[in-house]
Amino acid sequence: MKYFELTCTAYLKKEIDFKESFEILSKYISFSMAQSQELEKLHKQKGYKYYSFGNFYPIEKEKIYKKGNTYQFKLRSPDASFIDKLSQTLRENINNPHFMVVEVSKRTIKQFFISELYSVTPVIITTENGMFWTMDKDGDILKLQKQLHDNLEKKYLDFYGEKLSGEQNFIQLLEVKNRQPQNIWLNKNGKSFRFFGNKFRIVPNEDEVSQKLAFLALSCGLGEKNSFGGGFCISGGNKWY
């Protein structure tokens with residue numbers, strides 16, 4: 001297994017509030033995908049998108065990214081063709097009113113042993129009643145772990161065409177790092193709404209299946225709504241954020 005990572009340097013044309021940043025990044029990526037016939041097809045189809053991205057960094061203390069400054073964001077996928085095409089179209093998207101990508105660098109990361117996972121953007125999980133999982137509204141950690149595991153198994157089967165047969169949940173330990181739900185805000189048809197999520201520290205199990213799923217979480221994101229910025233993860237010891 002491997003994944004491919006783009007580190008994108010963005011020049012801001014105007015100030016961007018942290019609350020708006022996920023939507024602005026998501027739309028920038030979506031528009032860039034639409035410039036390629038192959039990527040546009042992926043963007044429009046229902047189902048998993050096989051990529052995840054993090055927010056702008058460094059994070060400003062005032063939660064306002066400043067006009068005229070440059071920031072970076074990372075985007076990952078297990079699909080090399082997707083990454084190579086997007087690397088080009090991201091830089092061609094120069095008329096976006098908010099920012100433009102001025103530099104892109106690519107890395108290839110082969111599977112490695114993961115001792116810890118940290119979610120740096122909110123992990124979104126929808127429960128059976130259509131609500132978002134939060135500690136206050138639900139609080140069932142075992143159910144949460146099962147949904148996180150099942151979601152990754154489905155992504156793995158969908159992308160690699162291989163069913164994993166694990167004997168246990170890939171999560172050995174899960175720690176909720178936030179006291180209040182974390183939000184990803186979006187606007188649709190003139191109305192503002194949000195996804196509720198959480199930040200987690202996860203210790204994966206050491207068996208082969210668990211490590212494959214943990215690695216896939218780094219690649220495609222943990223949980224749902226990854227194409228909106230949900231569930232972007234780093235591994236233990238990483239100092240990007």
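I take buried as under 20% relative accessible area, exposed as over 50%, and partly exposed as in between (1.4 Å probe, protein chains only). The model is predicted, so I note that local features need pLDDT of at least 70 and side-chain atom pairs count only at pLDDT 80 or more, while totals for chains, interfaces and linings use all residues. Residues are numbered from 1 along each chain as its sequence is written, and side-chain values use heavy atoms, with hydrogens and water left out.

Entry 1, count. I counted a salt bridge where a side-chain nitrogen of Lys or Arg lies within 4 Å of a carboxyl oxygen of Asp or Glu. The structure has 14 of them.

I looked up Glu208 and Lys212, whose side chains form a salt bridge at 3.6 Å, N to O. Both residues lie in helix H5 (residues 208–220), 4 residues apart, about one turn of the helix. Helices here are DSSP runs (H or I, at least four residues), numbered from the N terminus. Glu208 is exposed at 58%, whereas Lys212 is buried at 15%.

Lys146 and Asp150 form a salt bridge at 2.6 Å, N to O. They sit 4 residues apart in helix H4 (residues 141–160), about one turn of the helix. I found Asp150 partly exposed, at 23% relative accessible area.

Glu62 is exposed at 53%; Lys66 is partly exposed at 31%.

How values were computed: Helix = DSSP H or I, 4+ residues; strand = E, 2+ residues; numbered from the N terminus.
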